[in-house]
Amino acid sequence: MSRKGYAEIKQQIDTIQTEFHGFGNAVAQDLMRLHHLLYTMLDNDGKLERIVCHSCEQEVLRPKLDNLEQSDDCPNCGKDLYKGKQTSIEAWDNDEEE
Ligand SMILES: [Zn+2]
């Protein structure tokens, strides 16, 4: 391939990369706006649960909605949000049965 041809392809790739980068940023910003809007709406309706992770002590926000499956894994550290906590009635009952 000639030097000129190579330079043209390089230029095109650079253009695509720049455009793709801009597109990715726009999508990410849109998602963040949507996320913020959704959680603000949930918070206003009292449907937002604030849990402090027992492992990393980060505050985790979870929607309190019926029929929504929830994971007890912390989104920050990946560990169980409630692990080590023996304050819930369920956990207490389980201990008594043993
Ligand atoms: Zn955590």
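I started with the contacts of Cys-74. Leaving aside neighbours within four places in sequence, I found Cys-74 in contact with Cys-53, Ser-55, Cys-56, Val-60, Lys-79 and Leu-81. I note that this is a predicted model.

Next I looked up where Cys-74 sits. Cys-74 lies in the loop between strand 2 and helix 2, which covers 89–97. Buried or exposed, I asked of Cys-74? I counted 21 other C-beta atoms within 10 Å of Cys-74. The cut-off for buried is 20 or more, so Cys-74 is buried.

I then checked a pair further apart along the chain. Cys-74 and Val-52 are 22 residues apart in sequence. Their C-alpha atoms are separated by 9.4 Å.

I moved on to the strands. How many bridges join strand 1 to strand 2? I found five, between residues 48–52 and residues 59–63. The two strands run antiparallel. Within this pairing, Glu-49 stands opposite Arg-62 of strand 2. Strand 1 and strand 2 form a hairpin, with six residues between them. In the turn I noted Glu-57, which has a positive phi of about 60°.

Last, I looked at helix 1. Helix 1 takes in residues 3–44, 42 residues in total. From first C-alpha to last, helix 1 reaches 61 Å. That is close to the 62 Å expected at 1.5 Å a residue. I looked for buried residues in helix 1 and the count was zero. I wrote helix 1 down as hardly covered. Just after helix 1 comes Gly-46, where I read a positive phi of about 70°.

Notes:
Residues numbered from 1 in each chain as written. Predicted model: local features only at pLDDT ≥ 70, side-chain atom pairs only at ≥ 80, totals over all residues. Helix = DSSP H or I, 4+ residues; strand = E, 2+ residues; numbered from the N terminus. Expected span 1.5 Å × (residues − 1). Buried ≥ 20, exposed ≤ 12 C-beta atoms within 10 Å, placed from the backbone. Pairing = 2+ DSSP bridges. Contact = placed C-beta atoms within 7 Å.
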